[in-house]
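Open the model in your viewer and keep the selection panel at hand. The stops below go from whole chains down to single residues.

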Amino acid sequence: MNAQRHFQIQVTNRQQAFSVPEGELLLHAMEKACQQAIQVGCRGGGCGLCKIKVLEGAFHTKRMSKAHIKEHEAEAGFALACRVFPESDLVIESDHFNDLSTQQTA
Amino acid sequence: MKKGVMRPGHVQIRVLDLEEARKHYVDLLGLIEMDSDDQGRVYLKAWTEVDKYSVILKEADEPGMDFMAFKCLNEAVLDSLAEEIRALGMTVTELPAGDLKDCGRRMQFVVPTGHTFELFATKEQTGKWGINNVNPEAWPRGLKGMQATRFDHCLMYGDDLEGNLTLFRDVLGFDLSEQVIDPEGNRIALFLTASMKAHDVAFIKHPEKNKFHHASFYLDTWQDVLKAADLISMTDTSIDIGPTRHGLTHGQTIYFFDPSGNRNEVFAGGDYHYPDHETVTWKAEQLGKAIFYHDRQLNERFLTALT
Ligand code: FES
Ligand SMILES: [Fe+2]
């Protein structure tokens, strides 16, 4: 029997935590766990409502709207939670929608 | 006053993944794939439409709407309307025939809210899909998913609603069928029609320019809207809200998202509009009921989830 791996997600600004099964999208898993630690919009990488900053941990993403995640933001750990597949436990910060301070080019 | 603008002709939607989008619009909405071009764009239609296509999907880095087009009565209307738009001080670009497959020349311009619109008069007509024009049967077999019958309208968010009203009503000949007015008397929503439909395009006030809220497709009945809701659950498609009814236009509706986060609507029923009808007014104090007639309150997403 293969026990599915789960990753723990800590949302520091909301002091909430939930777990995401390996291979599942972060926001999708949060909704299934009936948690409200990240804002939910389109769930498709288009609207930017679920924008987070990953402070610790590994992940990969599906394609995200350039309007919300510019290249330098992606490098700084910003991502759209609806497109994020965690690869380890993560420490994240939510509520970065329309956070203009992150959008300026470095 | 009618100026020769006939109906919504097409909308070009940007998507992050063309294959996922194709599956969504074809298998779930039930649009029919008609063609593709060397830019990688995919051309789709709903089955009752006589023109070859009404939805164009294009892969891009940023979801949203490239442009929405209206079909006009004839080529002469294009030139006279282009001239009138230019007289407002706006730039009109003429795109040559064939720039979109099997479509005639298009007059393209950016409206005061920042959205790109175009007018055209000629597009290849392939007729209703799967139905003969002589002794036609009621409907074709082999339709998929929600079996959307037509591309109906778009709703967009932007800042300069009064500028759009002048352009669409006074120049392009649309009627203002419905509006939402805030306590200071400012318009915060416009529902505009070039036909008997309750709306062919709508705008809601928003600080940013050029935001896309949804593209909407018509279904025949409330039962079809409920079936659409079932299909959304069966396919684990991202839901926004519904099934419910709008106060504005009174359509029965459900909102959901395509795989790139562009909002779609399918709806049935709703009011009609003749040119002698007075504009219907909703007050902003009742905005919740105006948008979602049953819940009587807005979900936050309706105002913030845009592409
Ligand atoms: S919910 Fe819209 S981008 Fe994630
Ligand atoms: Fe709509």
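Helices (H or I, at least four residues) and strands (E, at least two) are DSSP runs, numbered from the N terminus. This is a predicted model, in which local features need pLDDT of at least 70 and side-chain atom pairs count only at pLDDT 80 or more, while totals for chains, interfaces and linings use all residues. Residues are numbered from 1 along each chain as its sequence is written, chains are lettered from A and ligands numbered from 1 in the order in which they are written, and side-chain values use heavy atoms, with hydrogens and water left out.

**Stop 1: chain A**

Select chain A. Read from the N terminus, the order is β-β-α-β-β-α-β-β-β. The C-alpha box along the principal axes is roughly 50 × 25 × 20 Å.

How does the radius of gyration of chain A sit with that of a compact globule? Take the radius over C-alpha atoms; the globule rule is 2.2 Å times the number of residues to the power 0.38. For 106 residues a compact globule would be near 13 Å, and chain A has 13 Å, which agrees.

Now colour by accessibility. Buried means under 20% relative accessible area, exposed over 50%, and partly exposed in between (1.4 Å probe, protein chains only). Of the 106 residues of chain A, 45% count as buried. Accessible areas come from the Shrake-Rupley method with a 1.4 Å probe; for residues, only the protein chains shown count as cover. Chain A exposes about 5,300 Å², with 48% supplied by carbon and sulfur atoms.

Next, contacts, meaning heavy atoms within 4.5 Å. Among those in chain A with a separation of 6 or more, 59% are between residues 24 or more positions apart.

Show the charges. Lys and Arg count as positive, Asp and Glu as negative; His and the chain ends are not counted. Each charge is placed at NZ of Lys, CZ of Arg, CG of Asp or CD of Glu. In chain A, the mean positions of 11 positive and 12 negative charges are 7 Å apart.

**Stop 2: chain B**

Switch to chain B. Here there are six helices and 17 strands. The radius of gyration is 18 Å, close to the 19 Å that the globule rule gives for 307 residues, so chain B is as compact as a globular protein of that length. Its C-alpha atoms fill a box of roughly 50 × 45 × 45 Å along the principal axes.

Of the 307 residues of chain B, 58% count as buried. The accessible surface comes to about 12,600 Å², and 49% of that belongs to carbon and sulfur atoms. Of the contacts in chain B between residues at least 6 apart in sequence, 69% join residues at least 24 apart. The mean positions of its 33 positive and 48 negative charges lie 2 Å apart.

**Stop 3: strand E2**

Select residues 32–36 of chain B, strand E2, and centre on Ile32(B). Is Ile32(B) buried or exposed? Ile32(B) counts as buried, at 11% relative accessibility. Beyond its neighbours within four places in sequence, Ile32(B) has contacts that include Tyr43(B), Leu44(B), Trp129(B) and Leu143(B). Trp47(B) is 15 residues away along the chain, yet its C-alpha atom is 7.0 Å from that of Ile32(B).

**Stop 4: aromatic rings**

Show the rings of Phe, Tyr and Trp (its six-membered ring). They pair if their centres lie within 6.5 Å; planes under 30 degrees apart count as stacked, over 60 as edge-to-face and the rest as tilted. The count over all chains is 14 aromatic pairs. One of them joins Tyr272(B) and Tyr274(B): edge-to-face, 5.8 Å centre to centre, with 80° between the planes. Tyr272(B) is exposed at 53% relative accessible area, and Tyr274(B) is partly exposed at 39%.

Then select Phe70(B), Phe117(B), Phe168(B), Phe174(B) and Phe203(B), a cluster linked by ring pairs.

**Stop 5: helix H3**

Phe168(B) is also one of the buried residues of helix H3 (residues 161–171). The others include Leu161(B), Leu165(B) and Val171(B). After H3(B) comes Gly173(B), with a positive phi near 80°.

**Stop 6: backbone details**

Go to strand E14 (residues 239–245) of chain B, which holds Pro243(B). The peptide bond between Gly242(B) and Pro243(B) is cis, with omega about 5°.

Next, Gln147(B), in the loop between strand E8 (116–120) and strand E9 (150–158). Its phi is positive, near 55°, in a residue other than glycine. Gln147(B) is partly exposed at 32%.

Finish at Arg296(B), in the loop between helix H5 (287–291) and helix H6 (300–304). Arg296(B) is not a glycine, but its phi is positive, about 60°. At 57% relative accessibility, Arg296(B) counts as exposed.
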